[in-house]
Amino acid sequence: MNRLLILLITLLFANPALAASPAAQRELKDLFFGEALYHAYQGEWFDAIARLDTELTLFHALDEPELDSLYSHLGQAEFDVGDFELAYRMHQRAGRAITAVIEGDVEQTVRNRAIYRLARIYFQKGQPVNALQALDRLRGETPADLVDNLLFLRAEVLMADSRFNEAVPFLENLQGAKSLAGFAPYNLGIALIDDDREEEGRQWLDRAGQIEVRDSATAAIRDKANLVLGEMLLEEKNFEAAKLIFDRVRLSGPFSDRALLGSGWADAYRGRFDLALVPWSILAEGEITDPSVQEVMLAVPYAYGRLGLYSNAALMYGRALEVFSIEINKLDVSTQSILDGKFLAALVREELKQDANWVVTLRELPDAPETYYLLDMMASNDFQEYLKNYLDLKEIRRKLERWQDDLNAYAEIIAVRRAYYEPLLPEIDRAFQKLDARMRSCLQQRDRIVKRLQTMLLMPRPDALATAAERIIAAQLTRLEQTVAASGQKVDNAISARIKRLRGLLLWSLQTGYDQRLTEAYTDLQELNQKIDVLGRQYTAFVRSRQTAIQSYQGYDETIRLQQVRIEEALIKVQELMAEQGNRLEIMAVNELTLRRERLEELRVKARFAMADSYDRASRVQEKRGVKP
Amino acid sequence: MSRIQKSIIITLAALLIGHIALAEEASREQIKGLDEQVQEIKGDVLSIATELKLLEEKLLYPSNTQVTIFVSLADGEKFRLDSLDLTLDNKAVAHHLYTFKELEALRKGGVQRLYTGNISTGEHPLVVSFYGKTDSGSDIEKTGSFTVNKNIGPGIVEIILAEQMISFSDK
């Protein structure tokens, strides 16, 4: 029995808290990744996963992802998302994500960290063979902060696979690891005992029971080592040694009650009932809902009886009887309270979330009698898993309900936008079409000018750069020349000479000013281009604004409808799971209370018989002394 | 050993065994099945969250007007950040009081998304003020004035706080 007890205790508790926490980051280049870390560092796993998932989704949709700032963190981000999922108790997805990292193109240290996480998942899920296979994939450099933890995990996995002999060398190598002080010697002790090297194992448990206490975790493992060792010694009737070991356990720790009980029995078995009364009396002052305290309520009068103080014993048995009856009534009330749904209501109290020691606090809540007897059960792994799932589901339900409201608000925003933009758009479009036609015409003109100027660079045409006045003069001169030619009369020489002179003057002006005019034409073209550029930007801005306006209300209906359906379905599923999970929590609590009630009933029967026996003995003693009862 | 003593010892032993047996009471398979269903629904809800996040950005903060302001602490900063105020375009847009957990997250290198909103392209005045305490307990009060240059794409502004100064960068 002791073996089983030891193994169970080992596997349940003997590892230091190794909470998931993102590894130290190198220089942060992606703010959105940093945002996911911000949530993760606060233990807001849902938000951390959601943010990082979104970023990774967007990243993988990019045409050139290597240009994105997340690229340099990709391996870490994909590893972290698995890590966050693990912390959010999504082991299946975490396993897949971490496996993908291991098989991906990442640095060896990142891969080794991922392997460690994956092995832990398998270990926690009771799959030691898979855990070992994962650990066997470790290659190259191991992150410095993981070296000891990896060895410890390997030892734990081997122990879980009943390969105690193989676990021993790993644990021996960890005896200098400060972060595992207490845990390494304790587990080494257990591994050796289970490997039939009991003497050596006890020596390590003895060492673990004397380690220097640095924090509450080392204090607890030290107490546990002493408790286990003490119970082993008690079982083999080495009462004196057992007593010494039990007395090492702190009175304020989680194992104090069982140690006090054991310490008393170590004395009682040696016939030192007076000594046994010392620890038992201390224990009797403890919390009455504690099984050890209830047991000691029979042990103390038993010791008094053995000391010949039958009257005291009888009175104490009577007191125990009374207390057991009160407690049985309390258990009945608690059971009814649980069946009325008050237990779940107490578990989800907001104020408890702020208290790290909330399980103990629960017992102290004045208006939550249903929790008084459930401390041990609530500290169990199964209960904690159920409860965490229940609380997660409750939080998910809250989110889904909020998102339903959000989607309704989005639909309203879209309706308002549609009502505003749709009547405006036809008029805007008409105005825009006019503007568009004018702009096209301008562009065509500009293109013609450009073409003409380019031609002139090859074949100069001064007439093409004539001003409007010059063109009019040229036309008038042509007309005069035609008139003179058509009249057939002899025209005054002076007039003919004058027309020729004017023609010559015009040609002179065009020919000599050609270069200057061409330069000016190019300057004007540049100015025109600048104005067209401004116009083009305005045109683009208008097109974009129009597109934005339309996109602000078009194309969302289907997405919103789809999400509403998904949320609705998820809400139904969450409600079902909450009911099931809550029901299991209640069943577990009721079973626990029923069990405790049955035990109290047994104790009450014992107390009743023992009380009667003590009264008989007291009467006989008094009769012997000649005292009338 | 008397009959009562024996019976007490048997009871105590039974209690001890019962205590261990309790942990195994619930069916492992049942736990596994329900746990897997809870994991599945978490996955579904996370996928909805991602879709909603994208929808929200597209609908409420279109990329051409979107601006997001992130806050982080400079490396190794030990001062206690109590609160932060942001004024954009002369309007107070964010005021945040920091909890212990948030401050720790910033110290570890996390980046807080403090504000997401819409602004037009062009220049926008931004004023950042923070209050806190130094390691030695003296008050810190710092204000920095900057200009956000908003281009066509989503605007991203990073504010880095240090005991001595406020740094700003935008893109």
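Mentor: Let us begin with a pair of strands. In chain B, strand 2 (residues 80-88) and strand 3 (residues 91-97) are joined in the antiparallel sense by six bridges. Please keep in mind that this is a predicted model.

Trainee: Which residue is the bridge partner of Leu88(B) in strand 3 of chain B?

Mentor: The partner of Leu88(B) is Lys91(B). Strand 2 and strand 3 of chain B form a hairpin, with two residues between them. In the turn, Asp89(B) has a positive phi of about 55°.

Trainee: In what order do the strands of the open sheet in chain B lie?

Mentor: The order is 3-2-5-6, so written for an open sheet of four strands with antiparallel pairing. Its edge strands are strand 3 and strand 6 (139-150) of chain B, each of which pairs on one side only. From one strand to the next, the twist averages 15°.

Trainee: How many bridges join strand 5 to strand 6 of chain B?

Mentor: Strand 5 (residues 122-133) and strand 6 of chain B run antiparallel and are joined by 12 bridges. Within this pair, Gly122(B) stands opposite Lys150(B) of strand 6.

Trainee: Which strands does helix 3 of chain B lie across?

Mentor: Helix 3 (residues 100-107) of chain B lies across strand 2 and strand 3, and it runs at about 85° to strand 2 of chain B.

Trainee: I would now turn to strand 1 of chain B. How many of its residues are buried?

Mentor: A residue is called buried when its relative accessible area is under 20%. In strand 1 (residues 66-73) of chain B, eight of the eight residues are buried. Gln66(B), Thr68(B), Phe70(B) and Ser72(B) point one way from the strand, while Val67(B), Ile69(B), Val71(B) and Leu73(B) point the other way.

Trainee: Which strands pair with strand 1 of chain B?

Mentor: Strand 4 (residues 112-118) of chain B pairs with strand 1 in the antiparallel sense over six bridges, and there Phe70(B) has Arg113(B) as its bridge partner. Strand 7 (residues 155-161) of chain B runs parallel to strand 1 and is joined to it by seven bridges. In that pairing, Ile69(B) has Val157(B) as its bridge partner.

Trainee: How may one summarise chain B as a whole?

Mentor: One may start with its elements: chain B has three helices and eight strands, in the pattern α-α-β-β-β-α-β-β-β-β-β along the sequence. Of its 171 residues, 46% are buried. Chain B exposes about 8,400 Å², of which carbon and sulfur atoms supply 51%.

Trainee: Let us consider chain A. Is Leu251(A) buried or exposed?

Mentor: Leu251(A) counts as exposed because its relative accessibility is 54%, and the cut-off for exposed is over 50%. Leu251(A) lies in the loop between helix 13 (239-246) and helix 14 (256-269) of chain A. Together with Val278(A) and Ile282(A), Leu251(A) makes a nonpolar surface patch of about 280 Å².

Trainee: And is Asp290(A) buried or exposed?

Mentor: Asp290(A) is buried, because its relative accessible area is 17%. Asp290(A) is found in the loop between helix 15 (273-284) and helix 16 (291-306) of chain A. Leaving aside residues up to four places away in sequence, Asp290(A) touches Asp257(A) and Arg596(A). The C-alpha atoms of Asp290(A) and Tyr372(A) are separated by 9.4 Å, although the two residues are 82 apart along the chain.

Notes. Residues are numbered from 1 along each chain as its sequence is written. Chains are lettered from A and ligands numbered from 1 in the order in which they are written. This is a predicted model: local features need pLDDT of at least 70, side-chain atom pairs count only at pLDDT 80 or more; totals for chains, interfaces and linings use all residues. Side-chain values use heavy atoms; hydrogens and water are left out. Patches are made of residues with over 30% relative accessible area and no salt bridge: like charges are joined within 9 Å, nonpolar side chains (Val, Leu, Ile, Met, Phe, Trp, Tyr) within 5 Å. Accessible areas come from the Shrake-Rupley method with a 1.4 Å probe; for residues, only the protein chains shown count as cover. A salt bridge is a side-chain nitrogen of Lys or Arg within 4 Å of a carboxyl oxygen of Asp or Glu. Buried means under 20% relative accessible area, exposed over 50%, partly exposed in between (1.4 Å probe, protein chains only). Two strands pair if DSSP finds at least two bridges between them. Axes are lines fitted to C-alpha atoms, for helices over the stretch in contact, and angles run from 0 to 180 degrees between N-to-C directions. Contact means heavy atoms within 4.5 Å.
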